[in-house]
Amino acid sequence: MNPDLVIIGAGPAGIFTAVEMIRRGSGQKILLVEKGKAVEDRRCPKAVTGKCMNCKPYCNITTGFSGAGAFSDGKLSLSYEVGGDLPTLIGSKTVQDTISYVDQIYLEFGADTKIEGIGDPEKTRAIRLRAIQAGLKLVDCPIRHMGTERAHDIYLGIEKYLVDHGVEIRFQTECKNLIIEDGVCKGVILMENGMEHEVRAKHTVVATGRRGADWLESLCTEHGIEHKASTVDIGVRVEVRNEVMEDVNDVLYESKLIGYPAPFKNKVRTFCQNPGGYVAQENYDNNLAVVNGHSFKDKKSENTNVAILCSHNFSVPFNQPIAWAQKVGELTNMLGDGHIMVQRFGDILDGKRTWQRELNFSNVRPTLPDAVAGDITAAMPYRAMINIINFIQAVDQVVPGFASSETLLYSPELKFYSNKITMDTNFNTNVRGLHCLGDSSGWTRGLMMSSVMGTLMGRTLAEEG
């Protein structure tokens, strides 16, 4: 099959490109390539074994139809202010209008009708005041929470919708390279059933998510695809008792706080808050174990977890921020013997490591049972660690108890979306016929904004067809 369009990556950006083309009545042949499995075949054995089994060839949590979306907490941010830099490329009104449109599609496939974070303006004002007094900015954003288990069902419905409408999906198929001739992308080289073969298409969309950001960066270098090194985020996932976060959880569900703590003034922010959630491990292709957080609709823990991420920008002479962040993660994994490490905040301030016996007596019990108690400061760069410590102490003024000595910090939390592809407002790169979408493009962060980018791409391609 030589399709009209080949999409590399079945995450939200790639999925919604195809969904919108179908809804617009496009008769073009679409091939969707995904190196992972179908939603119904994705299972994490940790639920049975109690520990990460380092599945090969790919981690089922991060790879497969919907990307990490089917195994994430499934939060849809309904404001253009949250989710990356796409508004700076195409305008905030276009983004907000498309968010509303995409939100309706998620509802059609079974997303919860309840919107979190809009119920109590007066309490929101009080939280904002405390944030201002602490030198932080509160971004209050309406949230539609699908939940990890329901996100799985929603994306299963979308997968069936695509197949029923003629989209060919090839699972467990890897894209090895692009076919670029005379400055035009003519298709891709796929590895399928152990054999390489070419697929030629009029348009190629690369939407490989954060997991594929470093792969896309290597293609940019090889083929002269214009891009620039942007921000890379490294940090920790913080876990506290629900009682500490009760006010914020009830009023906002997810508190998005941004600060620029002294002395370095790097941007530090909270991300992906999970009330009653669980800390989780994800594995990348190079055996890199990173920490994340999940939140279920019907299954709740006694804790709330949230990422704290410190943004780093590099210029001359260094321009490989993804590789740098990976090295930070690898060093942390080394100290944890291949596991996620966890440390109490009080021990960090006291300059000592955390021991397992100390965790056993704490009010905050880890929801990631195979995390290894240790010293994350032995691997975290000094600048990032100081930023994180000072930010946590500032958040404590907004949420008293957040900087408790028993607060848990898991490491490494890494977000690989530092390679920003140069594109016009129709997502055309300097290579004709090639488009880059979603988190791997560097323009979006998260489910909703990636879905928005895919929807707009689908409209453009449908009109051309």
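These notes cover a helix packing and some aromatic pairs in the structure above.

1. Please keep in mind that this is a predicted model, where local features need pLDDT of at least 70, side-chain atom pairs count only at pLDDT 80 or more, and totals for chains, interfaces and linings use all residues. Residues are numbered from 1 along each chain as its sequence is written, and side-chain values use heavy atoms, leaving out hydrogens and water.

2. Helix H1 (residues 12-23) and helix H6 (residues 148-164) have axes that come within 10 Å and cross at roughly 50°. That makes H1 oblique to H6 (under 35 degrees is roughly parallel, over 145 roughly antiparallel, 65 to 115 roughly perpendicular, and the rest oblique). Helices here are DSSP runs of H or I with at least four residues, and strands are E runs of at least two.

3. On the H1 side, the contact (heavy atoms within 4.5 Å) includes Pro12, Ile15 and Phe16, and on the H6 side it includes Tyr155 and Leu162.

4. The structure holds eight aromatic pairs (ring centres within 6.5 Å; planes under 30 degrees apart are stacked, over 60 edge-to-face, the rest tilted). One of them is Phe65 with Phe171, edge-to-face at 6.5 Å centre to centre and 70° between the planes. These two residues are 106 residues apart. Phe65 is buried at 0% relative accessible area, whereas Phe171 is partly exposed at 24% (buried is under 20%, exposed over 50%, partly exposed in between, with a 1.4 Å probe and protein chains only).

5. Phe16 turns up again here: ring pairs link Phe16, Tyr106 and Tyr155 into a cluster.

Technical notes
Axes are lines fitted to C-alpha atoms, for helices over the stretch in contact, and angles run from 0 to 180 degrees between N-to-C directions. Rings of Phe, Tyr and Trp (its six-membered ring) pair if their centres lie within 6.5 Å; planes under 30 degrees apart count as stacked, over 60 as edge-to-face and the rest as tilted.
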